[in-house]
Amino acid sequence: MVFDKNILPLILFQYLPETTIFTALSMLLAGYKIRLKQVVIIGIIGALFAAVVKSQQPMPIVSTLIMVFILIILFVIISKLDVISASIAVFLGFVVLGLVEVANYFVVTGVTGITVQQAMEDLTLRLLFPLPEYILLTVLILVCQKYNFTLINLKELKELSKKDYER
Amino acid sequence: MKDRTIFNIIIPLGLAFLLVSLLVLSSLNLHNLISSPLSLSEPVLFAMIIMLFITIPVLLILTKNIYLLSKQQKTLEIQDFYIEHLSELVRAIRVQRHDFVNHMQVVCALMKTGKFDKAMEYIADLSHDIQITGAMLSVDIPELSALLLAKTDLARKKEILFKITVESNLKGLEIKPLELIMVVANLLDNAFEAVESLPVDIRSVVLKVAETAEYYCLQIKNPGYIPEEIRMRIFEMGYSTKEGKERGTGLAAVKSVVEKNGGTITLQCSRDQGIIFTVSFPKPSNSER
């Protein structure tokens, strides 16, 4: 296993915020309350896994799929969600994050003229490249939380599906 | 959530997931193909990315709408359940009103023919039935009244003497009516099932609704005896003395709902007293109200 020489700043300033934002976004969109402690724990463990996965240098989408799988497991273990709810939450987070990430890629490369290749070669650029995405997603999370916006409220759907009233 | 809802939600969401993966791959390919940061030199790939940017949010909206529809459907199912019970309540009251005219005619006829003792006896019986219905209706939870009326009807069909004593209207009991119904219906059904094999003269179930200074209590009593080894395991999920695939969930579910609402359920059993299930819910303190 060969780690990037800048692994520590990458974990601290890229993988950790990305996983934490992803976790918070997934929880929120699936109708679960954000519990800071859980989100941070999943963020830290997820960031460490991301470092390990990316050190293997798999194809870009393969590393993402592995991370999706790991995050589902972390959601099940740490947030005590069932596998289906965890999968839906992670899928929702992934879809929104993916959209914003690609949009960020086009906007940043278009506005600054910096290519991804250039950004990958310079640590500062690499850390700054996804910054607009993180800011946008954090604002999105705060707005969603303030106005109680969810895409699917799994908790509510579960309550309604219980049929406790029937024998 | 083991119904079609989850699959209906997963299909568009899974598709969105795949398309996002495709979008990420396309963006990376676009980047590899072109030297400049953003260019229209690869029109097909670029058009595909634009299409994906439109399709994915549409799929997300679709997912949300499917969720909303499922939610509405489930809410309707619950409302249907309420309506069914309330219709039962109305039906029972109508029947009683209709019967009342007949009863009056009988009493009138008995009195006209000078059979005053018989008339008195008839009125006493009638008064007992009316008191039971009145007691049921005095409960401040209409869904529970409806359930009790329905169960009274069921008890009559099974020739079970079903006695209801209401000493509290349960006003202030903080539990969802559906959950309360689930608890009472399960306990009553179990009691009816336990006594229906007994001789008719001892076939009885007593429900007592009461309150103390700190608790609301529901007590269901029926003749019979449960050996200690069964009593120890009676609230365990999946444990049942009866055969059947879906047995052993009722009392476990009852216990779970009772405990979820901060209450307790106890079972007392003796050969003299019979089987007594007591459910207690704590009264909310003044500061909680």
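**A tour of chains A and B**

Select B:Val166 to begin: B:Val166 stands opposite B:Val209, a residue of strand 2 of chain B. The model is predicted, so local features need pLDDT of at least 70 and side-chain atom pairs count only at pLDDT 80 or more, while totals for chains, interfaces and linings use all residues. Residues are numbered from 1 along each chain as its sequence is written, and chains are lettered from A and ligands numbered from 1 in the order in which they are written.

**The sheet**

Now select strand 1 and strand 2 (residues 204–211) of chain B, which pair in the parallel sense over six bridges. Strands (E, at least two residues) and helices (H or I, at least four) are DSSP runs, numbered from the N terminus. Two strands pair if DSSP finds at least two bridges between them.

**Where the chains touch**

Next, show both chains. The contact takes 30 residues from chain A and 39 residues from chain B; two residues are in contact if their C-beta atoms, placed from the backbone, lie within 7 Å. On the side of chain B that touches chain A, helix 1 (4–33), helix 2 (43–112) and helix 5 (177–195) of chain B each supply at least two residues. Helix 1 of chain B gives the most to that side, with 16 residues.

**The cores**

Select A:Ala89, A:Leu92, A:Val95, B:Val20 and B:Ile56, the residues with the most contacts inside the largest nonpolar core, which has 54 residues. Such a core is a set of buried Ala, Val, Leu, Ile, Met, Phe, Trp, Tyr and Cys residues joined through C-beta atoms within 7 Å. Buried means that 20 or more other C-beta atoms lie within 10 Å of the residue's own, with C-beta atoms placed from the backbone. Helix 4 of chain A gives the most to this core, with 13 residues.

Centre on A:Val95. Leaving aside neighbours within four places in sequence, A:Val95 is in contact with B:Ala16, B:Phe17, B:Val20, B:Ile56 and B:Leu60. Then move to a second, separate core of 38 residues, which includes B:Ile181, B:Ala185, B:Tyr216 and B:Val257.

**Last stop**

How values were computed
Buried ≥ 20, exposed ≤ 12 C-beta atoms within 10 Å, placed from the backbone.
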